[in-house]
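This report describes selected structural features of the protein shown below.

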Amino acid sequence: MAAILRFRKLCFIEPTLKNCGSSETPKDEKQEESQTITKQECDKNKKKNKKMQQKGRGWKCIDSCCWFIGCMCTTWWLLLFLYHCLPAHLSGFKSPESPGVRLKNQGLTPLHPVVLIPGIVTGGLELWEGRPCSHGLFRKRLWGGSFAQILQRPLCWLEHLSLDNETGLDPPGIRVRPVPGLVAADYFAPGYFVWAVLIENLAKIGYEGKNMYMAAYDWRLSFQNTEVRDQALSRLKINIELMYVTNGNKKVVVVPHSMGVIYFLHFLKWVEAPPPMGGGGGPGWCDKHIKAIMNIGPAFLGVPKAVSGMLSAEGKDVAFFRAMAPGVLDSEILGLQTLEHMMRVGRTWDSVISLLPKGGDTIWGDLDSSPEDIQTVSSYQRQNNTKHQIEMKQETKYGRIISFGKTASEQHSSNLTTHDLVKDELLDSGGNCGEVWTEYGKISRENIMKLADNKAYTAGTLIDLLRFVAPKTMKRAEAHFSHGIASDLDDPKYSHYKYWSNPLETKLPHAPDMEIYCLYGVGLPTERSYVYKVSQSDKCNTIPFQIDSSAEGKWLRGGVYFVDGDESVPVLSAGFMCAKGWRGKTRFNPSGSRTHIREYRHKAPGSLLEGRGLESGAHVDIMGNVALIEDVLRVAAGASGEEIGGDRIYSDILKMAERVNIKL
């Protein structure tokens, strides 16, 4: 083949080039004219061929990409079509038996009513009143569904999902409300289940509308404002009491997920507190009505990714995409201002503040240490023909949740520069600028550099950082949430609702017979801390910080440090309260309600028939985990924590809990 190509080059290409570029002197005028015409034609052909070659190369690359994407999409839809259309019992295509069917065959039947509480983002929202641009969308889903409105009228869609910056409630002329019933969060989008699989398995053992209830609420609002605007907490109280009475005075099993876990923690204090701030149920209400709380993917102590969302409207996936295709998300090239719009809307949602890390440096670590820092690696060394085990400790400073530069995330704290942040120095007196309000319009470039000069921020100091970069948001939201640790839980100030969703600043109700479960996935890299850089753009109101996706290291990928967890919630946040904070009788759990840790080790799906995984430990996909579903069904049918196996722990949560020095 190589010989043929060389022959073609020698015989055809090179002679043509020589003829076109010949400098032989013409013998007469006709020959000279002929040669001039030939040269012009050759020059035209050269230019034409060059353009065709360049165009051909470009289109060839695009065609290849389009062809590949088309093949992938066609294959996926074909497999999906076959999966849904082929007979369920066709040989070779029989799906695994569901936990509900298997447990029903074992004689399992409903006993305790079940209440499901969705987390942030997964619940549907529908329009009841809107601006003229929303014509035709009355009672249509703006969130959770086809999301067609994002493409049809994106700015109108964002306007209607935003809340009022002053009150944290509805803007004038707009009413968006949670979708009621089980359909509120069974599917997030067509084909993407959230609660649907668990609901179906509960139905298989006999559950239905009379003993199963989805406590839908507007996840954008602060927890107390869900009661102020929609009476959501009162509705939850009434429905629990109704199911208790209509099901033979059987206590209720509550199954919250993600942020729904701390929403229900808020409810536990609200329901017994006296009106007008509380629900007036009185002491003993929880002990009378609740058998167990089965917290799935609990974000008890917050999540670090909430910090990156507040600071730059990005996480690991957005940062990666931003580095690969900066023109799509950044405003300098296409002017889309995608991240700025995301930040503008997200900073009106008070619930996001509820997910900031709680407990400060005591829980999450300081500049030089944290509960997850030590990665122990065992090795063996021979001495005098005997083996001795040596443990080598490799340290990663996870306590620095935000670091400006990779070096700042690694070096000793004595080498870090620190400056006291003074609000009057950092905030300019001028008004907002630009079309998209992000709160960054009030901070000068010089002051942005001062913020970055502090190099590293821990869970304690990043609250101050956020107060500077999002002053209006933090002032409004901190009236509803707190992120510290109570020194004296009997202090009257902790009777205020702002403390009720923080497990470190509130007591569990007096309910010695109530069981508390922490059910979460492990074995997946989960965001823990970030390496940032100052972006190059100095345009007013753009986001001046971004994750440095070029930062790489042993535990660092794409500017993000990872720890064990379920991709969203680190093990420390999900398991600490059940492992230590509430274990036995403590000041946070004075009645000694029993706690159980049930971890689910992540296993990727082995085939298409498993969908998103029958043994997945991912934050949302775990709702289809057969082991978790079985645990929920057994407890709902009357089993206790000991009867389903007690604690099942794969992670280092107990060691992490030991490293946290907290008064119990």
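The model is predicted, so local features need pLDDT of at least 70 and side-chain atom pairs count only at pLDDT 80 or more, whereas totals for chains, interfaces and linings use all residues. Residues are numbered from 1 along each chain as its sequence is written, and side-chain values use heavy atoms, with hydrogens and water left out.

Gly130 belongs to the loop between S2 and S3; helices (H or I, at least four residues) and strands (E, at least two) are DSSP runs, numbered from the N terminus. Leaving aside residues up to four places away in sequence, Gly130 touches His160, Gly173 and Ile174, where contact means heavy atoms within 4.5 Å. Gly130 and Pro172 are separated by 42 residues in sequence, and their C-alpha atoms are 9.1 Å apart in space.

## The sheet S3-S2-S4

Strands S3, S2 and S4, in that order, form an open sheet of 3 strands with antiparallel pairing. Two strands count as paired if DSSP finds at least two bridges between them. S3 and S4 are the edge strands, each pairing on one side only. From one strand to the next, the twist averages 45°. Helix H5 packs on this sheet and touches S2, S3 and S4, its direction making about 80° with that of S3; axes are lines fitted to C-alpha atoms, for helices over the stretch in contact, and angles run from 0 to 180 degrees between N-to-C directions.

S2 (residues 125-129) pairs with S3 (residues 141-143) in the antiparallel sense over 2 bridges. On its other pairing, S2 is joined to S4 (residues 175-178) by 4 bridges, again antiparallel. Glu126 takes part in both pairings: its bridge partner in S3 is Arg141, and in S4 it stands opposite Arg177. In a regular strand the side chains alternate between the two faces of the sheet.

## Disulfides

The link connects distant parts of the chain, with Cys133 in the loop between S2 and S3 and Cys156 in helix H5 (residues 154-161), 23 residues apart. Cys133 is partly exposed at 33% relative accessibility, whereas Cys156 is buried, with a relative accessible area of 9%.

Another disulfide is formed by Cys518 and Cys578, whose sulfur atoms are 2.1 Å apart. Its S-S torsion is about 75°, so this disulfide is right-handed. Here too distant parts of the chain are linked: Cys518 lies in strand S14 (residues 515-522) and Cys578 in helix H21 (residues 571-581), 60 residues apart. Cys518 is buried, with a relative accessible area of 0%, and Cys578 counts as buried at 0% relative accessibility.

## Other buried residues

Cys286 is buried, with a relative accessible area of 0%. Asn211 also counts as buried, at 6% relative accessibility. Asn211 is found in the loop between helix H6 (196-204) and strand S7 (212-214). Not counting residues up to four places away in sequence, the contacts of Asn211 are Pro110, Pro113, Val114, Gly206, Met243 and Asn247.

## Nonpolar cores

A nonpolar core is a set of buried Ala, Val, Leu, Ile, Met, Phe, Trp, Tyr and Cys residues joined through side-chain atoms within 4.5 Å. The largest such core has 159 residues, of which Val115, Trp195, Val255, Phe264, Val469 and Phe545 touch the most other members. Helix H9 (residues 259-272) gives the most to this core, with 10 residues. Apart from it lies another core, of 6 residues, including Tyr398, Leu556, Tyr561 and Val563.

How values were computed:
Buried means under 20% relative accessible area, exposed over 50%, partly exposed in between (1.4 Å probe, protein chains only). A disulfide is a pair of cysteine sulfur atoms within 2.5 Å.
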